[in-house]
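Welcome! Here is a short tour of some side chains and the partners they meet. Have a look at the picture, then follow the points below.

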Amino acid sequence: MRLPEYIFFLLLSNGFCAFSQKPELVIPTGNLAEITSIAYSGDGKYIASGGYDFCIKLWDAETGDELKIFSFFKDHVTALIFTSDSKHIIAGSRDGKIICIDILTSDTLYTLRHNDCITSLHLSKNGKYLLSSSWDKTAKLWNLDTEKVYKSYRCKSRLNFADF
């Protein structure tokens, strides 16, 4: 067999091998863009992840299975925290929105606002107050019973983090 015939034979045989394989559908899992925030539920059942794909994904912490996707944002998710009973996720986004989501019903329980990117979220030990920080140069202490700002702290520059 001469070289050109040998190359033709290889091309022909490889073509038949490719056609004999069964097609396989591959569905991507996980976040489809950079992850910017992760939270672990206090009961150890869930992990939440959020990022540049504008959604929050809820995962089974034991199996790693994706349980739900929450798509409430028009900008990327920047902060996540579970409530102490692990029934709700509180999430902040680049556009200054803070949303509390019931993980069983997927309902939005309340929406709070800053004027710029949310950089951190922290709950008080009793779960009554939420402390949020933002690039709008404020940290806000929210009374979650009234969904109103209890106290606002103004700074000279952008805040990247606040905690109790």
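This is a predicted model: local features need pLDDT of at least 70, side-chain atom pairs count only at pLDDT 80 or more; totals for chains, interfaces and linings use all residues.

A salt bridge is a side-chain nitrogen of Lys or Arg within 4 Å of a carboxyl oxygen of Asp or Glu.

**Salt bridges**

- How many salt bridges does a search of the whole structure find? The search finds 2.
- Side chains of opposite charge can pair when their charged atoms come close.
- The pair of Arg94 and Asp116 links distant parts of the chain, with the two residues 22 apart.
- Arg94 lies in the loop between strand S6 (88-93) and strand S7 (97-102), while Asp116 lies in the loop between strand S8 (108-113) and strand S9 (118-123).
- Asp116 has a relative accessible area of 19% and buried means under 20%, so Asp116 counts as buried.
- Arg94, with a relative accessible area of 26%, is partly exposed.
- Lys57 and Glu66 also meet through their side chains in a salt bridge, at 3.3 Å from N to O.
- Lys57 is buried at 6% relative accessible area, whereas Glu66 is partly exposed at 34%.

**Aromatic rings**

- A pair of aromatic rings is described by the distance of the centres and the angle of the planes.
- The whole structure holds 3 aromatic pairs.
- One of them is Tyr46 with Phe82, a stacked pair with 6.5 Å from centre to centre and 15° between the planes.
- This pair links distant parts of the chain: Tyr46 belongs to strand S2 and Phe82 to strand S5 (residues 77-82), 36 residues apart.
- Are Tyr46 and Phe82 buried or exposed? Both are buried.
- Phe70 and Phe72 have ring centres 6.4 Å apart and planes at 15°, so this pair is stacked too.
- Phe70 is buried, with a relative accessible area of 1%, but Phe72 is partly exposed at 27%.

**A charge over a ring**

- Arg158 places its charged end over the ring of Trp135, 4.1 Å from the ring centre.

**Around Phe54**

- Where is Phe54? You will find Phe54 in the loop between strand S2 (46-51) and strand S3 (56-60).
- Phe54 is partly exposed, at 34% relative accessibility.
- Leaving aside residues up to four places away in sequence, Phe54 touches Ser71, Phe73, Lys74, Asp75, His76 and Val77.
- Phe54 and Lys74 are 20 residues apart along the chain, and their C-alpha atoms are separated by 6.3 Å.

Conventions:
Residues are numbered from 1 along each chain as its sequence is written. Side-chain values use heavy atoms; hydrogens and water are left out. Helices (H or I, at least four residues) and strands (E, at least two) are DSSP runs, numbered from the N terminus. Buried means under 20% relative accessible area, exposed over 50%, partly exposed in between (1.4 Å probe, protein chains only). Contact means heavy atoms within 4.5 Å. Rings of Phe, Tyr and Trp (its six-membered ring) pair if their centres lie within 6.5 Å; planes under 30 degrees apart count as stacked, over 60 as edge-to-face and the rest as tilted. A charge sits over a ring if NZ of Lys or CZ of Arg is within 6 Å of the ring centre and within 35 degrees of the ring normal.
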